[in-house]
Amino acid sequence: MSLYFHLRAVPPSALRNSANWLQRLFEDDWDTVRRRIDRHREEMLDHHYVDHDTLYAGAPPHRTKEGPRAHVILGGRPVPHHDPEEPPFLLLTAAQVAQVAVFLISADIEALWRGVRDDLLPRYGGPRTEQETHALLTATHRDLTAFYTQTAEYGDAVVKCLLR
């Protein structure tokens, strides 16, 4: 089973505190999703989304629990899914999105990588895969920075959902 973690920009006035409404946000076909990704209105991470969260928020026991670092991937106010077996949706306000954008723009990706390198490399095959793993995380950082920056410029919120 494939897991995908979606982040989608939504105007604050359009947000609804309804799990059914939130679920419908993520039911578009792949072509529609791809167009939104190309316009930096949606971002999608594969099953390594937890590793991207570790890059920003850190690894236990030094994990950041609050603030923009913690909000990049797995942060936000949870809204329970209508299916109790599914994880909750996560919502970031427009103000939180702006803070995340500022953090990502100013983040030193090399320093972030050095902080979690030893925790992440074993998951990707060890030291022989360091260049490839580092390049993957750096590319995703660029994509997330573009997504959050554009979303902040529009004054939008972000809704996050784990899709199977």
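The model is predicted, so local features need pLDDT of at least 70 and side-chain atom pairs count only at pLDDT 80 or more, while totals for chains, interfaces and linings use all residues. Residues are numbered from 1 along each chain as its sequence is written, and side-chain values use heavy atoms, with hydrogens and water left out.

Let's start with R8. You'll find R8 in strand β1, residues 4-10; strands are DSSP runs of E, at least two residues, and helices runs of H or I, at least four, numbered from the N terminus. R8 counts as buried because its relative accessibility is 13%, and buried means under 20% relative accessible area, with a 1.4 Å probe and protein chains only. Its side chain reaches the backbone oxygen of L25 at 2.3 Å. Beyond neighbours within four places in sequence, R8 is in contact with residues including L25, F26, R36, E42 and V158, where contact means heavy atoms within 4.5 Å.

Now the aromatics. The structure holds four aromatic pairs, meaning rings of Phe, Tyr or Trp (its six-membered ring) with centres within 6.5 Å; stacked means planes under 30 degrees apart. F5 and Y49 are stacked, 5.0 Å centre to centre with 10° between the planes. F5 lies in strand β1 and Y49 in helix α3, residues 49-57, so this pair ties together parts 44 residues apart in sequence. Both F5 and Y49 are buried.

F26 and F89 are also stacked, at 6.5 Å and 20°. F26 sits in the loop between α1 and α2, F89 in strand β4, 63 residues apart. F26 is buried at 9% relative accessibility, and F89 is buried at 0%.

Definitions and conventions:
Buried means under 20% relative accessible area, exposed over 50%, partly exposed in between (1.4 Å probe, protein chains only). A polar contact is a pair of N or O atoms within 3.5 Å; within protein, one must be able to donate a hydrogen and the other to accept it, and residues adjacent in sequence count only if both atoms are side-chain atoms. Rings of Phe, Tyr and Trp (its six-membered ring) pair if their centres lie within 6.5 Å; planes under 30 degrees apart count as stacked, over 60 as edge-to-face and the rest as tilted.
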